[in-house]
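User: I am new to this structure and would like to learn how to read it. Please take me through a few features in turn.

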Amino acid sequence: MRSLPAPSLSARTLYRACISTAIRRHKQRLEALEQDVVDASDEFEAAARAAALHTLKDLAKKPADEADRTQLTNTYTDRLVPERSVGNAFYAKLKRVPHQICPLCGHRDVSTLDHQLPKMKYPLLAVAPINLVPACGICNWLKGEHVPETASEQTLHPYYDDVADQQWLFTRLKWVESRPPEVTYFIHPPQGADCVLAARVIRHFQMFRLAELYGPNAVREMSNIRGILRGMTAAGRRKYLLLAEHSILIDKDAGGQNHWKRALFQTLAGDSGYLEGGFDQF
């Protein structure tokens with residue numbers, strides 16, 4: 001759930017670089033498709049800015065020739081991704097993000113590029129830079145071939161969606177006697193939030209299974225800081241947790257308002273109202 005600046009690399013530049021080493025019988029046809037690729041990228045960008053990727057269904061039908069569709073997807077898999085391919089330097093550059101943290105989950109390391117709209121269904125967008133999002137392998141796998149049918153089904157696009165100005169992510173902590181604490185992460189839309197954006201944030205949270213990712217991490221984090229907090233007064237614990245929360249909050253690259261640790265520290269400090277049970281049980 002982190003935003004990223006859109007890549008400055010143009011679709012035309014990347015496409016030309018990738019097809020430059022194609023064998024002659026494929027290259028001529030790929031060159032003929034260049035303007036279609038550029039136009040598709042422009043169409044995608046306009047739809048992404050309007051949170052309307054679900055309106056691009058006609059684009060999925062292009063090009064009609066199955067051989068052309070195969071060559072376009074091969075442009076990504078054979079000429080962009082492999083280490084010794086002509087486009088690999090661009091691939092590495094597109095993957096480079098602050099802290100190398102996946103913007104989709106905000107936790108695991110970036111290891112690949114995810115197609116916001118899948119290349120198999122939208123081959124004209126196979127190497128469109130704005131359709132390529134740095135991601136971890138698990139988020140890439142979880143998203144799979146998903147195509148939104150409505151605006152509400154579209155997951156967040158890091159280049160065009162920024163939800164960092166408000167808090168959406170919260171956690172509920174409940175202590176049960178003689179058992180580890182129950183930690184539940186959830187989305188609570190800010191007051192007055194756009195209903196479509198709220199649905200998209202929830203969809204993103206569910207698709208990438210962020211509650212399942214953050215909950216165990218929160219339990220481990222609590223175990224890590226238990227010794228520090230045990231020796232403090234209630235006021236000291238609160239001050240420590242609020243300072244830790246603030247350090248995350250002001251570092252947008254590290255996660256900002258919707259970082260899982262920020263939500264955890266906020267609740268432990270008693271600032272969110274989602275703390276059930278006394279801190280002494282921790």
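User: How many residues has helix α3, and how far does it reach from its first C-alpha to its last?

Analyst: A word on the source first. This is a predicted model, in which local features need pLDDT of at least 70, side-chain atom pairs count only at pLDDT 80 or more, and totals for chains, interfaces and linings use all residues. Residues are numbered from 1 along each chain as its sequence is written, and side-chain values use heavy atoms, with hydrogens and water left out. Helices (H or I, at least four residues) and strands (E, at least two) are DSSP runs numbered from the N terminus. The expected span of a helix is 1.5 Å times one less than its number of residues. Helix α3 covers residues 34–49, 16 residues in all, and reaches 23 Å, close to the 22 Å expected. The chain has 10 helices and five strands.

User: Which residues of α3 are buried, and what covers them?

Analyst: Buried means under 20% relative accessible area, exposed over 50%, and partly exposed in between (1.4 Å probe, protein chains only). In α3 the buried residues are E34, V37, V38, A40, S41, F44, A47 and A48. Their cover includes α1 (11–19), α2 (24–32) and α4 (66–79). In the chain as a whole, 51% of the 282 residues count as buried.

User: Is E34 buried or exposed, and which residues does E34 touch?

Analyst: A contact means heavy atoms within 4.5 Å. E34 has a relative accessible area of 12%, so it counts as buried. Leaving aside residues up to four places away in sequence, E34 touches R12, Y15 and R16.

User: Which residues touch the most other members of the largest nonpolar core?

Analyst: In soluble globular proteins, nonpolar side chains tend to be buried together. A nonpolar core is a set of buried Ala, Val, Leu, Ile, Met, Phe, Trp, Tyr and Cys residues joined through side-chain atoms within 4.5 Å. The largest one here has 75 residues, and Y185, L264 and L268 touch the most other members. Helix α8 (residues 210–230) gives the largest share of this core, seven residues.

User: Are H99 and Q100 buried, partly exposed or exposed?

Analyst: H99 is exposed because its relative accessible area is 51%. Q100, at 30%, is partly exposed.

User: How far apart are D165 and Q257 in sequence and in space?

Analyst: Sequence distance and distance in space can be read separately. D165 and Q257 are 92 residues apart in sequence and 7.3 Å apart in space, C-alpha to C-alpha. D165 lies in the loop between α6 (137–143) and β3 (169–174), and its 58% relative accessibility makes D165 exposed. For the chain, 70% of contacts between residues at least 6 apart in sequence join residues at least 24 apart.

User: What does the C-alpha trace span along its principal axes?

Analyst: The C-alpha trace of the chain spans about 75 × 40 × 30 Å.
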